[in-house]
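Please look over the sequence and the model before going on to the points below.

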Amino acid sequence: MTTDVAVNGVRVGVRYAVADRIAGVGGDWFLGTALPGGDVLLAVGDVMGHGPDAAGTMRQLRASMTALALAGDEPGVILAALNRMLCRRRATVLATAVCGRFRPADRMLVWARAGHLPILRANTDGVGPLRQPPGMALGVEPCAVYPQAAVRIEPGELLFMYTDGVVERRDQAIDQGVQGLADDVRAAMRASAPAEHLDRALDGVLDMAWRGNLDDDACLLAAEPVAG
């Protein structure tokens with residue numbers, strides 16, 4: 001799946017590949033949604049497993065996250081609500097997620113994470129992870145809290161949110177996979193004009209990730225503020 005849209009002054013691109021080719025559905029999800037007042041919801045999540053069961057849970061989490069964000073809840077509050085929802089289920093269901101609210105007016109990203117991989121920021125200085133706030137996976141502890149972090153994102157900088165299917169390999173640690181993603185993004189940006197950075201990075205990275213890991217869903221979201 002390929003998606004590229006402009007949302008409230010933010011260009012959002014997504015590449016998504018499903019492991020279950022027969023059912024055609026998986027447990028990863030993404031959001032790049034306009035919010036009241038001009039903000040943008042940016043999120044990626046991953047339900048444990050894949051196939052129809054994971055997809056059903058994914059749809060519930062995605063819909064709930066959207067509704068809470070549209071109602072004005074902040075990322076940390078949203079993740080706490082999703083966590084309580086999963087913890088109330090009889091069967092154990094685990095998920096990870098990263099949820100951010102970007103304000104184009106002052107270019108601030110406020111975000112929280114639930115056991116998820118770090119957001120990467122790419123600019124002319126390089127590619128590296130944002131400072132991570134703590135936050136355990138969804139569905140583990142009903143009373144878990146999800147602190148938030150805030151960072152200013154300038155025009156020309158790119159943010160990358162992704163699931164473990166993009167970076168996980170059986171023969172390497174997950175940190176090595178994240179570093180490999182950063183290296184791939186850096187190489188794609190160096191080989192393209194500034195206006196092409198987002199597309200070239202998305203296409204090149206997910207293509208390489210999917211060839212290396214056919215057993216897991218893979219979702220990669222990139223966001224780029226547009227100078228106004």
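The model is predicted. Its chain has five helices and 11 strands. The radius of gyration of the chain is 16 Å, close to the 17 Å that the globule rule gives for 228 residues, so the chain is as compact as a globular protein of that length.

**The chain as a whole**

- Taken along the principal axes, the C-alpha atoms fill a box of roughly 50 × 40 × 30 Å.
- Of the 228 residues, 51% count as buried.
- The accessible surface of the chain is about 10100 Å², and carbon and sulfur atoms account for 53% of it.
- When contacts between residues at least 6 apart in sequence are considered, 68% of them join residues at least 24 apart.

**Helix α2**

- Helix α2 covers residues 75–87, which makes 13 residues.
- At 1.5 Å a residue this helix should span 18 Å, and the end C-alpha atoms of α2 are 18 Å apart, so the two values agree.
- The buried residues of α2 are Pro75, Gly76, Ile78, Leu79, Ala80, Ala81, Leu82, Asn83 and Leu86.
- These buried residues pack against helix α1 (52–70) and against the strands β5 (95–103) and β6 (108–114).

**Glu157**

- Glu157 sits in the loop that lies between β9 (149–152) and β10 (158–162).
- Glu157 has a relative accessible area of 10%, which is under 20%, so this residue counts as buried.
- A polar contact of 2.7 Å links the side chain of Glu157 to the side chain of Asn123.
- Leaving aside residues up to four places away in sequence, Glu157 touches Arg121, Ala122, Asn123, Arg152, Ala223, Glu224 and Pro225.

**Cysteines**

- The structure holds zero disulfides.
- Cys99 is in no disulfide, and the nearest cysteine sulfur, that of Cys219, is 14 Å away.
- Cys99 is buried, with a relative accessible area of 0%.
- For Cys143, the closest cysteine sulfur is in Cys87 at 8.7 Å, which is too far for a bond, because a disulfide requires the two sulfur atoms to be within 2.5 Å.
- Cys143 has a relative accessible area of 65%, which is over 50%, so Cys143 counts as exposed.

Terms used
Residues are numbered from 1 along each chain as its sequence is written. This is a predicted model: local features need pLDDT of at least 70, side-chain atom pairs count only at pLDDT 80 or more; totals for chains, interfaces and linings use all residues. Side-chain values use heavy atoms; hydrogens and water are left out. Helices (H or I, at least four residues) and strands (E, at least two) are DSSP runs, numbered from the N terminus. Buried means under 20% relative accessible area, exposed over 50%, partly exposed in between (1.4 Å probe, protein chains only). A polar contact is a pair of N or O atoms within 3.5 Å; within protein, one must be able to donate a hydrogen and the other to accept it, and residues adjacent in sequence count only if both atoms are side-chain atoms. Contact means heavy atoms within 4.5 Å. The expected span of a helix is 1.5 Å times one less than its number of residues. The radius of gyration is taken over C-alpha atoms; the globule rule is 2.2 Å times the number of residues to the power 0.38. Accessible areas come from the Shrake-Rupley method with a 1.4 Å probe; for residues, only the protein chains shown count as cover.
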